[in-house]
Every structure is written in structure tokens, then in C-alpha cells.
Amino acid sequence: MKQVMVVRTDLKMGKGKIAAQCCHASLGSYKRCDKDKIKKWENEAYAKVVLKVPCVEKLFELKEAAIANNIANYLVTDAGRTQIPASSITVLGLGPDEDEILDKLTGDLKLL
């Protein structure tokens, strides 16, 4: 079991901004997840992986694939108070879910 956060690299966010956006994605996806999956994930190592994509279009493709595969997901939309414009979509949170299920969607992506 793991949770995956997928970050846009084209926004050129700083490390702290990325960390905050990943936290939003993690909590948002967690809140939408099936209770049985959450319980299983919590009984393991709470694994989280952060991956990268070059553009917002790739985030939308992954979100559609997540919906089609019944994977909990959450897109983070930034408020625009610091580094990037308001309404920028920054990160997609996926899961927690089984490793092999998430790997089907994200296995070709690189670590951030």
C-alpha cells in the first residue's frame, strides 16, 4: 500500500511550496479514500511517493485514469498567495491504494 503525489515541474515551485502542496494532496486524497484501504495503509508503513510530470495536461490524464480505476484522488488548486498564480493546479494526490494498482497509472513517471 502507498500513496502517490504527482507534482507539476513546469511551475518551478520552490521546495517548501512543493512540500506544502503535497501535504494538501495527501490529505485531500486520504479523505476520499475507502476506509478499508486507509486501515490497511495505516497498518503498514504509510508509504508515500512523490513523482513528477511536465504539465497540467498530464495531471488531468492521470486523474481521469484514477477515476476510471476507482482510485481515490485529489487535485490541488493553489490560492495564489505566494509563488504561483491563483487557481494553478499544482499536485495530484492518489490513494492510498495497492502498489500494483497505482503503478499501472504512475509506473512510467520519475521521482521528483
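In what order do the strands of the open sheet lie, and how many strands form it? Five strands form the sheet, in the order 3-4-1-2-5, with mixed pairing. Strands (E, at least two residues) and helices (H or I, at least four) are DSSP runs numbered from the N terminus. Two strands pair if DSSP finds at least two bridges between them.

This is a predicted model, in which local features need pLDDT of at least 70 and side-chain atom pairs count only at pLDDT 80 or more, while totals for chains, interfaces and linings use all residues. Residues are numbered from 1 along each chain as its sequence is written, and side-chain values use heavy atoms, with hydrogens and water left out.

**The sheet**

Strand 1 (residues 2-8) and strand 2 (residues 48-53) run parallel and are joined by six bridges. In this pair, Val6 stands opposite Leu51 of strand 2. Strand 2 also pairs with strand 5 (residues 110-111), in the antiparallel sense, over two bridges. There, Lys52 has Lys110 as its bridge partner, and Leu51 has Leu111. Strand 3 (73-77) and strand 5 are the edge strands, each pairing on one side only.

**The cores**

A nonpolar core is a set of buried Ala, Val, Leu, Ile, Met, Phe, Trp, Tyr and Cys residues joined through side-chain atoms within 4.5 Å. Buried means under 20% relative accessible area, exposed over 50%, and partly exposed in between (1.4 Å probe, protein chains only). The largest nonpolar core has 16 residues, and Val6, Leu59, Leu62, Leu92 and Leu94 have the most contacts inside it. Helix 3 gives the largest share of this core, four residues. Leu62 touches residues including Val6, Val53 and Leu92, not counting those up to four places away in sequence; contact means heavy atoms within 4.5 Å. Another core, of ten residues, lies apart from it and includes Met5 and Val91.

**Salt bridges**

The structure holds six salt bridges. Each is a side-chain nitrogen of Lys or Arg within 4 Å of a carboxyl oxygen of Asp or Glu. The table shows some of them.

| Pair | N to O distance |
|---|---|
| Lys2 and Asp103 | 2.6 Å |
| Lys40 and Glu98 | 2.7 Å |
| Lys58 and Glu61 | 3.8 Å |

Lys2 in strand 1 and Asp103 in helix 4 are 101 residues apart. Lys2 is buried at 13% relative accessibility, whereas Asp103 is partly exposed at 36%. Lys58 and Glu61 both lie in helix 3, three residues apart, about one turn of the helix.
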